[in-house]
Amino acid sequence: MDILFVCANSADAYMDIEREQRTLQRLTKSGGHSLHVLPAAEIPDLQEALSANRKDKAFDILHFSGHATEEKGLHLRGAGRQQAFLSVENLKECLEDSGVRLVVLNACNSEALALSLSEVVPAVIGTTRKVRDVVARQFTRLFYAALKEDASVIEALEAVLKEQRTSVS
């Protein structure tokens, strides 16, 4: 399991992305797994990483942690403290033939983006509503722990959803 962790925080709505990154670092520390991190990611950073992956095949999972909108796409960093959005169409172009087999959009209301990306990536996970930070981190911890134990993407997702439903009740 080789993960490209792309994260971008917003000055308007801070997320504790560092804890999510630490979770992924612990999970990928053993067993031949790797984690490539793009902190405070800007559009050219992500485009370059996915372009390089076409040749190197260094990662098979793109995990995005940040904000997204159906209309604008992924909220990344722009010049200075400016916002920049990578549209779903541009992201699809970057992902096409990149070797990425799974995209995890750990961002609020990302279901429509996930559906669109599924046209070029075999498996994509998005959310149907706003997600609290603690829930997003729990998802990451449980999902990748299941994958590490050789669960399929569907099995890992079902295990997480079951656990999260149980913890809410």
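**A colleague's note on the predicted model**

1. Let's start at serine 110, which touches Leu105, Gly126 and Thr127, leaving aside residues up to four places away in sequence. Serine 110 sits in the loop between E7 and H4. Is serine 110 buried or exposed? Serine 110 is buried, with a relative accessible area of 0%. The side chain of serine 110 also reaches the backbone oxygen of alanine 107, at 2.9 Å.

2. A word on confidence before going further. This is a predicted model, and the mean pLDDT of the protein chain is 89, with 96% of the residues at 70 or more. Among the elements, helix H6 (residues 153-168) has the lowest confidence, at a mean of 87, and strand E8 (residues 123-125) the highest, at 97.

3. Next comes the largest nonpolar core, which has 30 residues. Which residues have the most contacts inside this core? They are Leu46, Leu74 and Leu76. A second, separate core has 20 residues, including Ile17, Ala123, Ile125 and Leu147.

4. Leucine 46 deserves a look in your viewer. Not counting residues up to four places away in sequence, leucine 46 touches Leu4, Val6, Leu38, Leu62, Leu74, Leu76, Leu86 and Leu91. Two of these partners, Leu74 and Leu76, are named with Leu46 as having the most contacts inside the largest core.

5. Helix H3 (residues 88-95) has Val88, Leu91, Lys92, Cys94 and Leu95 as its buried residues. Why do they fall on the same side of H3? They do so because they cover an arc of only 160 degrees around the axis. The cover over the buried residues of H3 includes helix H2 (43-56) and helix H4 (111-117), along with strands E3 (61-65), E5 (73-77), E6 (83-86) and E7 (102-106). H3 is followed by aspartate 97, whose phi is positive, near 60 degrees.

6. Now for the aromatic residues. How many aromatic pairs does a search of the whole structure find? The search finds two. In one, phenylalanine 139 and phenylalanine 143 have ring centres 5.2 Å apart and planes at 15 degrees, so the pair is stacked. These phenylalanines are four residues apart in helix H5 (residues 133-148), which separates phenylalanine 139 and phenylalanine 143 by about one helical turn. In general, residues three or four places apart in an α-helix point the same way, because there are 3.6 residues a turn.

7. Phenylalanine 143 is buried, with a relative accessible area of 0%. The rings of phenylalanine 143 and tyrosine 144 have centres 5.2 Å apart and planes at 85 degrees, so this pair is edge-to-face. Tyrosine 144 is buried at 0%, and phenylalanine 139 is buried at 9%.

8. Arginine 141 and glutamate 20 are 121 residues apart in sequence and 8.0 Å apart in space, C-alpha to C-alpha.

Methods: Residues numbered from 1 in each chain as written. Predicted model: local features only at pLDDT ≥ 70, side-chain atom pairs only at ≥ 80, totals over all residues. Heavy atoms only, no water. pLDDT = per-residue confidence, 0-100. Helix = DSSP H or I, 4+ residues; strand = E, 2+ residues; numbered from the N terminus. Buried < 20%, exposed > 50% of the residue type's maximum accessible area, 1.4 Å probe, protein only. Arc of directions from axis to C-beta. Contact = heavy atoms within 4.5 Å. Phe/Tyr/Trp six-rings, centres within 6.5 Å; stacked < 30°, edge-to-face > 60°. Core = buried A, V, L, I, M, F, W, Y, C linked by side-chain atoms within 4.5 Å. Polar contact = N/O pair within 3.5 Å; in protein donor to acceptor, adjacent residues only side chain to side chain.
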